[in-house]
Structures are given as structure tokens and as C-alpha cells.
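Look over the fold before reading on.

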Amino acid sequence: MLGIAKYPGSKHRVGEKILSHLPPSFDWYVEPFCGNSPFLQPKFHNSINPFRHKIWVNDLDADVINVVKSLKDNPSRFFYDLLARKVKTKTIAEVVEEFEQAKIDWIEKNDASAYVYLRRLSHKQIVNRKRKNLCSISPKYVAPAPDGVTRNGLLSITRKKIVEAAIIADRIDKVTNLDYREVLTNLPDNCVIYLDPPYWTSRVKDWYTHYFTEQQHNELAEILHSLDPAKHKFLLSLEISELSCRNYILPQKLKWKTLPLVYSCGKGTQRVKELLISNYALV
């Protein structure tokens, strides 16, 4: 969501490492699982520049796409609605009241600013229409702070950040809410595709509105193996597992490297490694 809301699995911390492996020349940059779209932020414009490349962002999560479209089509209204929620939540009671109102606005009115507000304040960043009971406010926003200052979760969202996100959204050429298969079977020529699909293990299925099954990974791998790298180059980041090695690496001659990551979790941070897989030579 262009950097204004947290999203599970976002790769902003390792953006430079991933983007250093992009091919030297391409016309289109495509993200079938855009999520937070961290690589479109200004600090990565040396690699992906919406003023030089055509951009296509897609996600099956309608809320994610609604945020991008709201920033693109009516940024002033989005800014006003989100900052209005920030201004009126001074006390813990007001934060809780606005959180519950945001749930109503999100579910009943499809309000993009309410969705961002919920993502900023929700427990473990879980916001899921199918399991609304999991959309609860994080304890850190309702516990009295030692310094007496209320934490409303929106302190880092400034006018500058929203303006930057709106500028990026305005430069995106194509915004869609499709199944990834529709994207990968209708790709423009001379494009690079970055794929960061949901983790497939059952322990993380509550992180996403649409989590990935083993069968879906089987189908994704089959499509990626069929792409012609002369027209459609891809980079795929994926957790290291028996499934990922079996489906993506072993069957054919895809290239791969390990990607060091730092996960943020309830117990602090965890250093792990993932796979970075492509259908062209990685530098």
C-alpha cells in the first residue's frame, strides 16, 4: 500500500538486495501480489522509476487495491479522512471508539482510510473480513504509556508520506484486482515480474485474506516455468522449504540465491533466509 500501512511479508528492508538483481533493461514492471508495494517508493527509483518504466500492480485483496485506487483517484479525500481519524483520537477511550467505528466504515462502506487505520492499530496487523473477530486493537494502544502520551498508531503517517504515496499512485499505469493467473497469462512484452506470494505454511494462514495452498504453488510454479525469459523475466522471493525446492528449483534450470531477512514478530526479530528465484542469470 505504497508504504503507508504495514503488510505481512513486506520486503522493504531488503529492497536494495532484491532490486540489484533486476535485468538492466525493461519496459514494464509487474507485481501480481503487490501487497505494500514497497519497491515503488522514492528511495528505490534508481531501479524502478514510475517516470521511466510502466507499472502494473495487482492484488487479489480488494482492500489493498482500494487503497491504491483511492490514492490515485482522490488523494485529497483520502488524506482528509485518515488525518481526521488521527486528530480526533487523543485519549485511549477515543482511540478504542474510533477503532470500532473504523471497522464499521471498512466493512459497510469499503472505506480505504478506515482500512489503513485498522492496519496501523490492529493486533498483529491482522485485518480480515472473513474473520472479523480477529480484527482487534493491539494492547499497546490501550495500555497507559509511562510518559502519559497516547499511542494512536498513526504518528508516522504524515502529510509528506501521504503526498509521496499519492504521487506514486498517480504514476501507476495499471491497477487491478485479479487472480495472479490472469496477470501472468496476459503479460506485456519486455517486462520484469516481481512475485512475493503469501507463505504457504498453515501457521501463517491468518496473516492474509487470501493465503496460498500447496496446490496454488504447484500452479504458480508451472506457469513460471512456461514463461519465455526473452519477453518475461521474473524474480520470485519464497521461504526455503521442501515445497519451494521441489516445485521451483529442481524441475528445470531456474536460477536461485539465498536472501537474508529479518522478520518482525511478537517476540522481537528473527533472522532467517529465503530463496530468490529467477528465469535469468542472477548477478
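Q: At what angle do helix H3 and helix H5 pack?
A: This is a predicted model, where local features need pLDDT of at least 70, side-chain atom pairs count only at pLDDT 80 or more, and totals for chains, interfaces and linings use all residues. Residues are numbered from 1 along each chain as its sequence is written, and side-chain values use heavy atoms, with hydrogens and water left out. H3 spans residues 75–87 and H5 spans residues 112–121. Their axes (lines fitted to C-alpha atoms over the stretch in contact, with angles from 0 to 180 degrees between N-to-C directions) lie 9 Å apart, at an angle of about 40°.

Q: Which residues of H5 make the contact with H3?
A: Contact means heavy atoms within 4.5 Å. H3 brings Phe78, Asp81, Leu82 and Arg85. H5 answers with Ala112, Ser113, Ala114, Val116 and Tyr117.

Q: How far apart are the end C-alpha atoms of helix H8?
A: H8 (residues 214–226) has 13 residues. The expected span is 1.5 Å times one less than the number of residues, so H8 should span 18 Å. The end C-alpha atoms agree with that, at 19 Å apart.

Q: Which elements do the buried residues of H8 pack against?
A: Buried means under 20% relative accessible area (1.4 Å probe, protein chains only). In H8, His217, Leu220, Ala221, Ile223, Leu224 and His225 are buried. They pack against helix H7 (180–184), strand S4 (191–195), strand S5 (232–239) and helix H9 (242–249).

Q: What percentage of the protein chain counts as buried?
A: Helices (H or I, at least four residues) and strands (E, at least two) are DSSP runs, numbered from the N terminus. The chain has 9 helices and 7 strands. Of its 283 residues, the buried share is 53%.

How values were computed. Buried < 20%, exposed > 50% of the residue type's maximum accessible area, 1.4 Å probe, protein only.
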